[in-house]
Amino acid sequence: RRMKLSFKDGRQGKIHIYVDDVYTLTVDDTFWFSEKWHKVNEINDEELADLTLSVNSRRAFLKGAELLSRRAHGKAELTRKLMQKYPRECAEQAADKLEKLGLINDGEFADMLAQELYTHRKYGVSRVKQELLRRGIDRALAEEAAERLDKDDLNRIILLLQTKYRNNLGDEKGIIRTKNSLLRLGYSYSDIRAAFESIENESF
């Protein structure tokens, strides 16, 4: 079945698409006039499905670019976010295009995130790696990013005991809570024990 395809200009560079004079979709004019559709007067169901897919891919691309303008994302993380609103195929196409344009770089993102988690959240190296994997970073990239950290866990734990956890160390319950917190941050039990031994003669 052939259907009439038409369009009207909207506000702020929008194009409203009509099928058999019924409003169907809205796109931006840059997309519309760079694609074949603005020259087409009739379409069938299959072509309409292709047009809808193209429009949703374009919307996903613009949304992805907007998200990246706010902060860096890994490819998998961005794809997951886009899939909350758009079909998987559209989200993946958008992420692929953004990656080709250099707006997504998982290696750079892994390094940046690893440094942020290590420096600001005080995660240990193993927890940093775990978090990168959870965000969808490839295992090899996650391990490389973690390897580039200074990995001075022992001194970092000592510093945390002297600052953040200083007031927790007055009784056994507080010490146990502190050790559990450090383990959750990804520090090894041996480093935690060594840190406690190194400060045991200090006055808290």
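One cut-off to keep in mind: a residue is called buried when its relative accessible area is under 20%, exposed when it is over 50%, and partly exposed in between. Also remember that you're looking at a predicted model.

Start by selecting Y18 and Y23. Their rings make an edge-to-face aromatic pair, 5.9 Å centre to centre with 75° between the planes. Is Y18 buried or exposed? Its relative accessibility is 17%, so Y18 counts as buried, while Y23, at 46%, is partly exposed.

Next, pick F7 and W32. Here the ring centres are 5.2 Å apart and the planes meet at 65°, so this pair is edge-to-face. It ties together distant parts of the chain: F7 belongs to strand β1 (residues 3-9) and W32 to helix α1, 25 residues apart. W32 is buried, at 0% relative accessible area, whereas F7 is partly exposed, at 31%.

Now for the largest pocket, with a volume of about 170 Å³. By type, the lining has 3 nonpolar, 4 polar and 3 charged residues.

Stay there and zoom in on F61: K97 lies over the face of its ring, 4.7 Å from the centre.

Last stop: K179 and F196. The charged end of K179 sits over the F196 ring, 5.0 Å from its centre.

Key:
Residues numbered from 1 in each chain as written. Predicted model: local features only at pLDDT ≥ 70, side-chain atom pairs only at ≥ 80, totals over all residues. Heavy atoms only, no water. 1 Å grid on protein atoms, 1.4 Å probe; cavity = no way out; pocket = protein on both sides within 12 Å on 5 of 7 lines; lining within 4 Å. Points joined across faces, edges and corners; volume = space filled by probe spheres on them. Nonpolar A, V, L, I, M, F, W, Y, C, P; charged D, E, K, R; others polar. Phe/Tyr/Trp six-rings, centres within 6.5 Å; stacked < 30°, edge-to-face > 60°. Helix = DSSP H or I, 4+ residues; strand = E, 2+ residues; numbered from the N terminus. Buried < 20%, exposed > 50% of the residue type's maximum accessible area, 1.4 Å probe, protein only. Lys NZ or Arg CZ within 6 Å of the ring centre and 35° of its normal.
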